[in-house]
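Please keep the sequence and the model in view while reading.

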Amino acid sequence: VQFHQSISTIFEIPNASSSSTVTFVLAKLQNTFASRVSRDMSGARLEFQNPIEDAISKLKFSPESNNLLIASWDSVTTLLYYLVVLSLCGSGEVISTGLDKKIKFWDTRLGQSLVLSTDAGAPVRCITVNGNSLVVCVAASMHIYDLRSLDRPFQSYESQVEVPIRCVTSVPFSTGYAVGSVDGQVALDFPNTACSTEMKYTFRCHPKSMKGRLHGACINAIEFTPGGSGTFVTGDNEGYVISWNAKSRRRLFELPKYSNSVASLAFNHTGELLAVASSHTYQEASEKEEPPQVFIHKF
């Protein structure tokens with residue numbers, strides 16, 4: 001499917017440790033494009049006039065439209081400064097974290113304007129927002145901040161996965177969080193289970209036996225469909241995207257395997273479209289350092 005809508009670079013975050021930057025590309029998907037995406041498993045690949053050449057770190061749909069924000073590196077040296085894009089709100093705000101142990105707030109309307117920076121105390125691999133709560137994951141720990149007061153986390157606890165967390169997202173039908181680990185585990189964590197009936201649990205997406213121990217590919221992305229149905233998808237370093245139901249704890253279906261790692265996933269505001277970034281992540285030697293691709297699937 002040819003992509004005929006506008007795609008433009010709208011924002012760049014400079015890397016203080018090198019001359020590289022993180023580039024944000026805005027792809028505006030209109031109804032004419034969405035209507036051409038088939039409901040089979042293959043999906044539609046976005047065509048870019050200027051192809052994205054380096055790794056994609058994050059996809060994010062606008063809360064109210066089919067505008068898709070794509071964040072990517074511009075050189076391999078940016079691995080020294082691992083940035084995670086959280087969201088592009090209607091006000092143009094972006095929150096980022098990285099190996100420099102900082103949590104940073106940016107205003108895209110002001111170009112490269114850094115609005116606020118606070119110290120996380122350790123390298124941060126992933127973050128998510130749930131209401132006024134900002135969840136920051138450090139190793140296997142989760143630290144919850146109040147966005148209105150970022151001096152220190154108001155709650156900290158250890159996740160069930162017990163190994164470094166690679167991705168995190170909020171559970172839309174509750175106050176919990178879903179995390180994916182570097183060894184293929186997915187865990188649903190509920191910090192306030194003492195006052196609710198929700199149960200914590202964990203499972204492995206693609207368990208394999210290696211030297212007598214269970215092993216799985218790193219989970220790079222977890223995304224829930226909007227609406228509270230409990231359906232979510234996971235994407236891993238082996239190129240698999242799998243759909244699950246959190247309430248029934250069942251696997252629903254699996255998309256055809258991608259040729260490269262699945263670096264990021266994003267649902268649009270209606271839950272009808274799923275964006276998939278097939279891209280190297282600089283995590284494993286077996287990854288292909290080829291231009292990344294973005295696919296759109298219709299649910």
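In which strand does Ser278 lie? Ser278 belongs to strand S25, which covers residues 273-278; strands (E, at least two residues) and helices (H or I, at least four) are DSSP runs numbered from the N terminus. The model is a predicted one, in which local features need pLDDT of at least 70 and side-chain atom pairs count only at pLDDT 80 or more, whereas totals for chains, interfaces and linings use all residues. Residues are numbered from 1 along each chain as its sequence is written, and side-chain values use heavy atoms, with hydrogens and water left out.

**Overall composition**

Of its 299 residues, 54% are buried; buried means under 20% relative accessible area, exposed means over 50%, and partly exposed lies in between (1.4 Å probe, protein chains only). The chain exposes about 13,600 Å², of which carbon and sulfur atoms supply 49%; these areas come from the Shrake-Rupley method with a 1.4 Å probe, and for residues only the protein chains shown count as cover. Among contacts (heavy atoms within 4.5 Å) with a separation of 6 or more, 47% join residues 24 or more positions apart.

**Nonpolar cores**

In soluble globular proteins, nonpolar side chains tend to be buried together. A nonpolar core is here a set of buried Ala, Val, Leu, Ile, Met, Phe, Trp, Tyr and Cys residues joined through side-chain atoms within 4.5 Å. The largest such core has 17 residues, and the members touching the most others are Val186, Leu188, Phe203, Ile222 and Phe232. At least two residues of this core come from each of strands S16 (185-189), S17 (201-204), S20 (219-224) and S22 (241-245). S20 gives the largest share, three residues. A second, separate core holds 14 residues, including Leu46, Phe61, Ala266 and Leu273.

Leaving aside residues up to four places away in sequence, Ile222 touches Cys167, Thr169, Ala178, Val179, Gly180, Val186, Phe232, Val233 and Thr234. Thr169 also has its C-alpha atom 7.7 Å from that of Val129, although the two are 40 residues apart along the chain. Val129 is part of strand S10 (residues 126-130) and is partly exposed, because its relative accessibility is 27%.

**Cysteines**

How many disulfides does a search of the whole structure find? The search finds zero, a disulfide being a pair of cysteine sulfur atoms within 2.5 Å. The sulfur of Cys167 has its closest cysteine sulfur in Cys126, at 6.4 Å, which is too far for a bond. Cys218 is likewise in no disulfide, with the sulfur of Cys167 as its nearest cysteine sulfur at 7.3 Å. Cys167 is buried because its relative accessibility is 6%, and Cys218 is buried at 4%.

A pair of aromatic rings is described by the distance of the centres and the angle of the planes. Rings of Phe, Tyr and Trp (its six-membered ring) pair if their centres lie within 6.5 Å; planes under 30 degrees apart count as stacked, over 60 as edge-to-face and the rest as tilted. The structure holds three aromatic pairs, and two of them are listed here.

| Pair | Centre distance | Plane angle | Class |
|---|---|---|---|
| Phe224 and Phe232 | 5.0 Å | 35° | tilted |
| Tyr258 and Phe295 | 5.2 Å | 50° | tilted |

Phe224 is buried with a relative accessible area of 8%, and Phe232 is buried at 1%. Tyr258 and Phe295 are both buried as well. Tyr258 sits in the loop between strand S23 (250-254) and strand S24 (262-267), whereas Phe295 is in strand S26 (residues 293-298), so that the pair links parts of the chain 37 residues apart.

Ser278 connects to this second pair: beyond residues up to four places away in sequence, Ser278 touches Tyr258, Ser259, Asn260, Ser261, Pro292, Gln293 and Phe295. Ser278 is itself buried, at 4% relative accessibility.
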